[in-house]
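Subject: Structure for your review

Dear colleague,

Please find below the structure I am handing over to you. I would be grateful if you could look through it before reading my notes.

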Amino acid sequence: MSKVTVIGGGVTGLTTAIRLREAGHEVTVAAKDYLAGTTSWVATAIWHLFWVEVDERVERWSVTALDELIRLSRIEETGVTLVRGIECVRETSPDAEDFVQGRTGAAWQHIVPSYEALTLEELKGRLPWDYPLETMLGGYIIEVPIADMSVYLPYLMKRLEHLGVRLESDTFENFSEVEERFPADWYINCTGLGSATLAGDSTLRGIKGQIVRVTHDGSITEYIADDFSPRGMTYILPRGQDIVLGGSEDTDCDDSNIDDQLAASILARCAALVPDIANATVLEHLAGLRPYRPSIRLEFDPDVSNLIHNYGHGGSGVSLSWGCSAEVVEMVGKAENGQSTH
Ligand SMILES: Cc1cc2nc3c(=O)[nH]c(=O)nc-3n(C[C@H](O)[C@H](O)[C@H](O)COP(=O)(O)OP(=O)(O)OC[C@H]3O[C@@H](n4cnc5c(N)ncnc54)[C@H](O)[C@@H]3O)c2cc1C
């Protein structure tokens, strides 16, 4: 078994380190920031695919991750729970055509705890009478995992500590610095948007997202998401101890400052969808940059033979994490058995 340094302490780095350690490798994690310093901390963290190009690999990773998140939802200390709710489908939704054709063949539909399509009439009956329906086609009721990242990330770190993995704080300008300070047989780059400079990846860009955390008095138990509303992405997601209101997708912004006007608009949009939201108290505003690139980079580096990249998960890093980490373990295993690394 090998010595491995995982660079990055967000959800991608932590889950990758867990799977590598469980496979018997000696693992160290080294990262500039953990917890609130990462994009992962900001995530609404529902299992879904968003700001990611879906191909056969992404679908496979998402199914593996879904399975594991469902398992973790049975363990209280993880901060992962199952939430049932409604996803609205509009003419502009990526799955609009499949929805209209009545196609329900996606691999995940067979493992989510429940899935049921709703006609426009059925959906209308579940929305406020004056909710704007333009472009609305219908929806579906689904049950999926969601994580409260303020509980889930500490849980993943604790799990690593129990496995004997060291969590180091350090910032790297290049991979030679990683090699000097944390020498290993393998290096796994899980630095998210940090790879724009660390790996010199000019295809990476941040897609800004902003959310509002509000108090949860227990009266809202189901979620509702109207992500493709012409008025702006709208969702209300109860987690264990809070409700997350969203959201936004800004492609032209490279900072993660809170936009007050946007925050007010999120609150108004959510109150239009679920009027009780107007009574909730705001706990916190959060914003972050989703690490997006045209396709997730999960591959051996073409020039450095013992470096594997695992970054660029867009708006789906939580939803793909356990699938991508399983793939990294498989890649290391195959390379050690002398199989091709390219
Ligand atoms: C508002 C919002 C809502 C979201 N909702 C969801 C959702 O519902 N579901 C979902 O699946 N995803 C969601 N996402 C996306 C998700 O947050 C990301 O895909 C995920 O967090 C990426 O994780 P990561 O570990 O790859 O990157 P990060 O969390 O950014 O971690 C990167 C790590 O690398 C370290 N690092 C970077 N550069 C260096 C360097 N040079 N040297 C040392 N360390 C370095 C950082 O310090 C950090 O530890 C959302 C994102 C946002 C902003």
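Predicted model: local features only at pLDDT ≥ 70, side-chain atom pairs only at ≥ 80, totals over all residues.

The ligand site

I began with the ligand. A shell of 36 residues surrounds the ligand, and the closest of them are T12, D33, S40, G314 and S319. By class, the shell divides into eleven nonpolar, 21 polar and four charged residues. Several elements each supply at least two residues of this shell: α1 (11-22), α2 (39-42), β8 (205-214), β12 (282-300) and α10 (317-336).

A polar backbone atom of G314 is 2.7 Å from an oxygen atom of the ligand. For A45, a polar backbone atom is likewise 2.9 Å from an oxygen atom of the ligand. With F172, the ligand atom concerned is a nitrogen, and a backbone N or O atom of F172 lies 2.9 Å from it. On its own, the ligand has 1,000 Å² of accessible area, of which the protein covers 96%.

Residue Q210

Strand β8, which contributes to the ligand shell, also contains Q210. Is Q210 buried or exposed? Q210 has a relative accessible area of 1%, and since buried means under 20%, Q210 is therefore classed as buried. A polar atom of the Q210 side chain lies 3.0 Å from the backbone oxygen of D259. Leaving aside neighbours within four places in sequence, Q210 is in contact with residues including G246, N257, D259, L262 and L286.

Residue T15

Helix α1, another contributor to the shell, holds T15. The relative accessibility of T15 is 0%, so T15 counts as buried. Beyond neighbours within four places in sequence, T15 is in contact with Y152, L156, S321, W322 and S325.

In soluble globular proteins, nonpolar side chains tend to be buried together. Here, the largest nonpolar core has 66 residues, and those with the most contacts inside it are V6, Y152, L156, I188 and I308. Helix α10 gives the most to this core, with eight residues. A second, separate core has 20 residues, among them M136, I224, I243 and C270.

Yours sincerely,
A colleague

Terms used:
Residues numbered from 1 in each chain as written. Heavy atoms only, no water. Near = heavy atom within 4 Å. Polar contact = N/O pair within 3.5 Å; in protein donor to acceptor, adjacent residues only side chain to side chain. Areas by Shrake-Rupley, 256 points an atom, 1.4 Å probe, with all protein chains shown as cover. Helix = DSSP H or I, 4+ residues; strand = E, 2+ residues; numbered from the N terminus. Nonpolar A, V, L, I, M, F, W, Y, C, P; charged D, E, K, R; others polar. Buried < 20%, exposed > 50% of the residue type's maximum accessible area, 1.4 Å probe, protein only. Contact = heavy atoms within 4.5 Å. Core = buried A, V, L, I, M, F, W, Y, C linked by side-chain atoms within 4.5 Å.
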